[in-house]
Amino acid sequence: MSSRDEPRASLVENVVAGRGNYRLILAGVFCVAVLGLVPVLVVLLRSTPPPATRLEHDDADDGLTAVVDDWAKETDLVTLKNGIQRLNSHYNQVGNTRPPTLTAEQRERLQKALTPDKKELSEEEKRELAEELAEIDASNFTALDAHYLDECFLLRDAAKALQADVTSAAVADPALRLTPLEQATAAFAWVVRQVRLEQASAVPMPPQFILRHGQGTALVRALIFLDLLRQLNTDNDKAPLFGCLVVEPGESAAQDRLWAVGVVIGTSVYLFDPRLGLPIPGPGGKGVATLAEAIREPGVLGQLLTVNEKNEKVPYDVKGEQARASDVFLYCTLSALAPRMGFLQKEVLAPRVRVNLGADLGREEVAAQAAVAAAGSKAKVRPHPLGGRLLRTFLPGEEGGADRKPFGMGLNQWPGFAEQGNTTQVTMFRKRYFEFALVPWQGLPDQFRIFPYNAGLGSFIREQYAQPFRQSVLEPRGSRDLILRGQYPQVVHDLMEERDTYGERYRQWQKAVQAADGEAAFNQRVLKWLDEQAVPAAAEMEKKKAEGPSAAADAAARNVMKVWTGGVDANLLLNGAIAAQRRAQVTYLLALAKQERAEQLQLRVDATARLSGKAPSKEEAARAQTAWRSAEEWWRHYADEYPRGGAATAIRRPRGRCQLMLGDWRAAVATWEDVSQDSYHVLPASEKIGNLYLAQQLRKQHAADGKP
């Protein structure tokens, strides 16, 4: 029996019948953008709720003490969910002291702000508004809060790691502390390094999911940056840094164009372009431009003019008048608006656990509006129509979200998941799409695609292939988690071991291919085994399952696993395919971890050099140079070993930075001026412009120094 003759049940039929593991066999593209989301109340927090009674953490207060103890050590999602359950249990028991809710005035303002600007609301819109208001006003901590806390703690750890060496040096010399603008600049560069740019996303994803995935749009880069700003100063009582989105309005909301993130410091709004991945340079190319300078000085935005590979001039796509007419938005999630978050931050967790949880939008709106007006803009600062609901609309109901309607797509939109030409329509929820998108399905061998993705053996094989890629991203203390939290020695150790493991598995597959007198002969041997043993066993299992639960069905399922285990060549092929894809990812992550360590050390060197009359010690400078050299070496490994790898074009920005910091500015120019690409790995146009601008500035600088 040919594998192609196996019965193909629909996805829904197989899910109902319980065939295979459907948690990981989902595919699709969300084709409908998040609807215009309702603004979040800017003036909500101007009225302060009644002060809550401070709870003492004594031995009798076991519930709260356990939560603080746990969160002081671990802040993975499971620990946060458990902590929320304990918090709710505690407050439900004590009764007399609970987290605060909205005041009557706040609730009224919020309800008005959450209502769309139109006369009639549909029943669904009314229900959504009521649910959002209830989410914000709840005195119990919610399932959605756990995911919000996950992002806050993740970015808190990232912010601490970013400044770790400067912070340790500042103990002896407080003048070494980074200025707010230096903090913002370093934080923005971190976001750009961590989130490789993609032009569009089928499913809008919340910041922490994009961070763990490692690639996203300019908009989500901007949202991550805004959330990171709030976590930069958790160890003092100063108001956190904050920023806003600067958007050129289009004819409709869908045509609005984000071009900058503005960081509000005093009465100035400093501009960072998440599309280029660069701060907008100030007058003369020095410092970071402010909104006032962008509006009033034509040369500021004009200096971003570049010359492309065709020797054509490419001006920056925003001019002073467009900057003046741009809209300005604030952003925070629904949970950040809940009074219970400020209570949790100040009355429960502090001083032992420091993290910024509640967003003071009243303060932010007043400060941002004053700074925007001072810049010469007439924009009215208001909440962003997307950001506030992004997390809730992404998550399924059981996790506190509102994603109730799975969307559909054809499998042909995911090359590699199924056999070529398969146009089967499937449905999925957004979070499932995220999990599916973590896997490089194009690397799944053709021989295995003939098995239906939603039947026993096909499901099993795809799950085996997907597991290493998902594990790296989703597991606490996985490689992405450790990099984001700044645990560089541990992640480098883990990644080196993983690289060696997958290198050995790849060599084992190559040896088997050589022993079979070539890849064609080896593949034919695998196909013969599949048709003669695996396919019949899988067909028998499906037949017995269709007859209902029985000992015979269980025996048939065990036999499939026995047959698969005995298929030495098939296992070598699958493991070799995993190794080929995963080892490339591991090499990229190693280079990224090395880069982050170099950036961390360089911040301290730069902070020391900034002080009048001081220079970094030879030891500090040497440590930074060693770190830069190590990072460049690993970027070179990736470029040499995986010239068509998934990050082949994205590594040029950080690699050029390494070359520049090592003193080889000509190599940096060559790297940034390389705009070559292939049909699989396209360098986003805005990132190309950013690279060309950096190269152009280096050439000008060294021409001025007499070193063209």
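Author: Happy to! Let's look at the contact of α2 with α3. On the α2 side, the residues taking part are G63, L64, A66, V67, D70 and W71. They meet T79, L80, G83, I84, R86, L87, H90 and Y91 in α3.

Now for the geometry. Two packed helices are described by the angle between their axes and the distance between the axes. Here, helix α2 covers residues 62–73 and helix α3 residues 77–94, and their axes come within 9 Å and cross at roughly 165°. Because of that angle, α2 is roughly antiparallel to α3. The crossing of the two helices is left-handed.

A word on confidence, since this is a predicted model. The protein chain has a mean pLDDT of 86, with 89% of its residues at 70 or more. Over residues 1–60, however, the pLDDT is below 50, although this stretch has 169 contacts in the model beyond near neighbours in sequence. Confidence is lowest in helix α1 (residues 11–17), with a mean of 30, and highest in strand β5 (residues 268–273), at 98.

For another view of helix packing, turn to α18 (residues 430–437). Seven of its eight residues are buried, so α18 is largely enclosed by the rest of the structure. The buried residues are R430, K431, Y433, F434, E435, F436 and A437. They pack against helices α9, α17 and α20 and against strands β11 and β12.

How values were computed:
Residues numbered from 1 in each chain as written. Predicted model: local features only at pLDDT ≥ 70, side-chain atom pairs only at ≥ 80, totals over all residues. Heavy atoms only, no water. pLDDT = per-residue confidence, 0-100. Helix = DSSP H or I, 4+ residues; strand = E, 2+ residues; numbered from the N terminus. Contact = heavy atoms within 4.5 Å. Axes fitted to C-alpha atoms, helices over the stretch in contact; angles between N-to-C directions. Parallel < 35°, antiparallel > 145°, perpendicular 65-115°, else oblique. Left-handed = near helix turned anticlockwise from the far one by under 90°. Buried < 20%, exposed > 50% of the residue type's maximum accessible area, 1.4 Å probe, protein only.
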